[in-house]
Amino acid sequence: MMRLLVGLGNPGPEYERHRHNVGFMAVDEIHHRYGFGPWKRRFQALVAEGNAGGEKCFLLKPQTFMNLSGQSVGEAMRFYKLTPNDTIVLHDELDVAPAKIRVKQGGGHGGHNGLRSIDEHIGKDYWRVRIGIGHPGDKDRVHGWVLGNFAKADEAWLPRLLDVLAAELPLLVKGEPEKYASRVAILTAPPKPPKAEKPAP
């Protein structure tokens, strides 16, 4: 089985640490952990080839800017003769709490322009790894939130989450999305506070 793993983001150093680029960050972590081949320019994207958990995978980082991501994904899928079911998109998600993920197949784009573009080009039946960035609490602040850098406080959870997303990837590419999601949740859960000792009578 071959898999196309798509990280969503905007190209260029000025966007690198944006919340909107967490899909790029996740795919970079996978690339590093499994020793994928060098990034090459194809399909209006950066593409790298390798294996995760014994499954052949292609990593794709569209360089079209977010709103046109689907052009690149559609081109790569046609070239490799893959279906939406073989395609996994990793992206930022406002409606999921920071440090949490959700894995699902199909569904709406929820106002995410990258997903909207992919829907237009390949339909909706691809897999999504929704990486929580939280919501700023006011819809007027969403644009600045998404296109703003991760805050200092996010360093408490972001590197760990990216590490675990990559480490547990074999479960996902082998077709066990529920197990993948629950392993990530367990491994990234904050430690429980120690129980207060009862005062001696």
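Colleague: Which helices and strands each supply at least two residues of the lining of the second largest pocket?

Modeller: They are β6 (101-105), α5 (158-167) and α7 (177-188). The names follow DSSP runs numbered from the N terminus, with helices being H or I of at least four residues and strands E of at least two. This is a predicted model, in which local features need pLDDT of at least 70 and side-chain atom pairs pLDDT 80 or more, while totals for chains, interfaces and linings use all residues. Residues are numbered from 1 along each chain as its sequence is written, and side-chain values use heavy atoms, without hydrogens and water.

Colleague: What makes a residue part of the lining of a pocket?

Modeller: On a 1 Å grid over the protein atoms alone, a pocket is an open set of points where a 1.4 Å probe fits, with protein on both sides within 12 Å along at least five of seven lines; a lining residue has an atom within 4 Å of a point. The second largest pocket has 17 such residues, with Ala 99, Lys 100, Thr 188, Ala 189 and Pro 190 nearest its centre. Helix α7 gives the most, 5 residues.

Colleague: What is the make-up of the lining of the largest pocket?

Modeller: That lining divides into 7 nonpolar, 10 polar and 3 charged residues. Gly is counted as polar, and Gly 111 is among the residues nearest the centre.
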